[in-house]
Amino acid sequence: MPTCNPQVDIIIPHFGITQELTDKCLACLRSIREHSAPGYRVIFVDNASPDEQLDQVFAELHNHPHVLIRNRVNTGFIKATNSGIALSTAPLVVLLNNDTRVAPQWLEKLAAPLRGNIGVSGPRTTTPNSWQGRVKEAPGTVRILPAGNMLAFFCVMFRSEVLKAVGPLDEDFGMGLGDDDWY
């Protein structure tokens, strides 16, 4: 179910080695289907998950406009994400963890602040140990982060020109962790 000219590419790296991880990925994909307006495309990057874990994921993936990348080995979060970025053609690009559930109008809310010199947007989280979960603001509030602050890449939207100007995630971080701090 390809989308010829998506407005938003949603890049999801996945390494589903257990049923629990597969279930979380399924919940992520279902939430995208339920809460996204037409015009998106999922770029799903599988990092060598066992075939028995993928049948369910592929069945749900076929309910979305999508591109599938299957790696023969687990290349890690960063390389998987970069392979999705390389295929992206949309003006807006979302990096999304496979265990994240999205909320109603999530794409519209992430895109709203991306004007002028704002090139990256991210949501608050329900994870209480993340700074993005501790900050309490009224719903719909846009907060410009001061220099030196960061967005966690569990869910982040970029204007594509930012990715082109800055480049992909730094693969020197290996399998992952710290790449969002650096970016």
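In strand β6, Met157 is the residue that stands opposite Ser121. Strands here are DSSP runs of E with at least two residues, and helices are DSSP runs of H or I with at least four, each numbered from the N terminus. The model is predicted, so to speak of local features a pLDDT of at least 70 is needed, side-chain atom pairs count only at pLDDT 80 or more, and totals for chains, interfaces and linings use all residues. Residues are numbered from 1 along each chain as its sequence is written, and side-chain values use heavy atoms, with hydrogens and water left out.

Strand β6 covers residues 155-159 and runs antiparallel to β5, to which two bridges join it. Two strands pair if DSSP finds at least two bridges between them. Taken together, six strands make an open, mixed sheet in the order β3-β2-β1-β4-β6-β5. Its edges are β3 (66-71) and β5 (120-121), each pairing on one side only.

Helix α1 (residues 19-35) packs on this sheet and touches β1 (8-14), β2 (40-47) and β4 (92-96), where contact means heavy atoms within 4.5 Å. The direction of α1 makes about 170 degrees with that of β1; axes are lines fitted to C-alpha atoms, for helices over the stretch in contact, and angles between N-to-C directions run from 0 to 180 degrees. Helix α2 (residues 51-61) also packs on the sheet, touching β1, β2 and β3, at about 165 degrees to the direction of β3.

What of the cysteines? A search of the whole structure finds zero disulfides, a disulfide being a pair of cysteine sulfur atoms within 2.5 Å. For Cys28, the nearest cysteine sulfur is that of Cys25, 6.0 Å away.
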